[in-house]
Amino acid sequence: MRSSSIKYLFDQGIKNVWLNRSMTAASIGSLTACLIFIGVAFLISANINSLLGHLGEKLEIKAFIYDDRNDRDIEFVRSELELTHEVGSIVYVSKEEAHEKMTEIIGSDLHEGIPLIYPASFKIVARDWSELPVLVEKINSYEIFEKVEVPTDISETLVKIQMGMNLFGIGLVAALMIISVIVIANTIRATVFARRTEIGIMKQVGATNNFIRIPFMVEGIVIGVVSAVISFCITWLAYSQITRMLDGDLGDFISGLTGSILPFGSVAQDLALYFLGGGILTGIVSCILSLRKHLKV
């Protein structure tokens, strides 16, 4: 196909967007609404994952060291664990530090009446709590540890919640995309039906399916891009307003509880790509489905 023909078809597509502006507006409105719901689902999922990650950082594996192990053995194990992929962070707590910490907790007077020996230990945070079993197995492989305390129940709960939220988000996005395609395809089908005679004549004079289809696909792309821009702006303004409202006392409480409310800038690029890709894909697929029947001449 010559470049002049391609330019003509693109110009026709842009022209048809304006000529059928009432239908175009209806399609943009439908797709925008669905994209906003997708954006809300994405932001909720991202913030919940951030919350779970924040809670996971507060869960520590405590590996207590035998009292007779020397500093060289301890340092060797520490360097080994620091290089382990599953380890997010590791902190060594000496016997003296453990003693001072316990004194602060139960009080010096009471502590003096209870002469206890506190072992040195490592406090280890997993990089990803879904890899906890692998990390625990790695820790237990070192003979310097007398006891390893693992918050298994809590970590398993966090992983299940995270997986559940991810599956829910994927399912919701898929359902909304299907709804978008159906709604927009039905909207565009009315435009195609009004031009069925024109399409039939073009087929009779030898126009290929692609020649007929391209202007409608251009319409779909325009609808998708405009819907994506509108959805992004609305989502941005709404999310910014909500986070601004939470900057008061309620915001301090939530931040203290989660420490994980994501600023819009940290998810803006991903959200924009999802909106743009989803909008364009939905517009094109809707147009193709709308034309399918009328191209069978």
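## Sheet, salt bridges and aromatic pairs

Glu146 touches Phe64, Ile65 and Tyr66, leaving aside residues up to four places away in sequence; contact means heavy atoms within 4.5 Å. The structure is a predicted model, in which local features need pLDDT of at least 70, side-chain atom pairs count only at pLDDT 80 or more, and totals for chains, interfaces and linings use all residues. Residues are numbered from 1 along each chain as its sequence is written, and side-chain values use heavy atoms, with hydrogens and water left out.

**The sheet**

Glu146 is found in strand E4. Helices (H or I, at least four residues) and strands (E, at least two) are DSSP runs, numbered from the N terminus. Between Glu146 and Ala63 there are 83 residues of separation in sequence, but the C-alpha to C-alpha distance is 7.6 Å.

Strand E4 belongs to an open sheet of 4 strands, in the order E2-E3-E1-E4 with antiparallel pairing. Two strands pair if DSSP finds at least two bridges between them. Strand E2 (87-93) and strand E4 (145-149) are the edge strands, each pairing on one side only. From one strand to the next, the twist averages 20°. Angles run from 0 to 180 degrees between N-to-C directions, and axes are lines fitted to C-alpha atoms, for helices over the stretch in contact.

Strand E1 (residues 61-65) pairs with strand E3 (residues 121-126) in the antiparallel sense over 4 bridges. Phe64 has Ser121 in E3 as its bridge partner. Helix H3 (residues 71-82) packs on the sheet and touches E1, E2, E3 and E4, with its direction at about 160° to that of E2. Helix H6 (residues 132-140) also packs on the sheet, touching E1, E2, E3 and E4, and its direction makes about 5° with that of E1.

**Salt bridges**

Side chains of opposite charge can pair when their charged atoms come close. A salt bridge is a side-chain nitrogen of Lys or Arg within 4 Å of a carboxyl oxygen of Asp or Glu. The whole structure holds 4 salt bridges, including those in the table.

| Salt bridge | N to O distance |
|---|---|
| Arg69 and Asp68 | 2.8 Å |
| Glu82 and Arg78 | 3.4 Å |
| Lys147 and Glu149 | 3.4 Å |

Relative accessible area sorts residues into buried (under 20%), exposed (over 50%) and partly exposed (in between), with a 1.4 Å probe and protein chains only. Asp68 counts as exposed because its relative accessibility is 62%, whereas Arg69, at 26%, counts as partly exposed.

Glu82 and Arg78 both lie in helix H3, 4 residues apart, which is about one turn of the helix. Glu82 is partly exposed, with a relative accessible area of 45%, and Arg78 counts as partly exposed at 25% relative accessibility. Lys147 is partly exposed at 46% relative accessibility; Glu149 is partly exposed too, with a relative accessible area of 32%.

**Aromatic pairs**

A search of the whole structure gives 7 aromatic pairs. Rings of Phe, Tyr and Trp (its six-membered ring) pair if their centres lie within 6.5 Å; planes under 30 degrees apart count as stacked, over 60 as edge-to-face and the rest as tilted. Phe42 and Tyr274 form an edge-to-face pair, at 5.2 Å centre to centre and 75° between the planes. This pair links distant parts of the chain, 232 residues apart: Phe42 is in helix H2 (residues 21-57) and Tyr274 in helix H11 (residues 264-291). Tyr274 is partly exposed, its relative accessible area being 49%. One aromatic cluster is formed by Phe232, Trp236, Tyr239 and Phe264.
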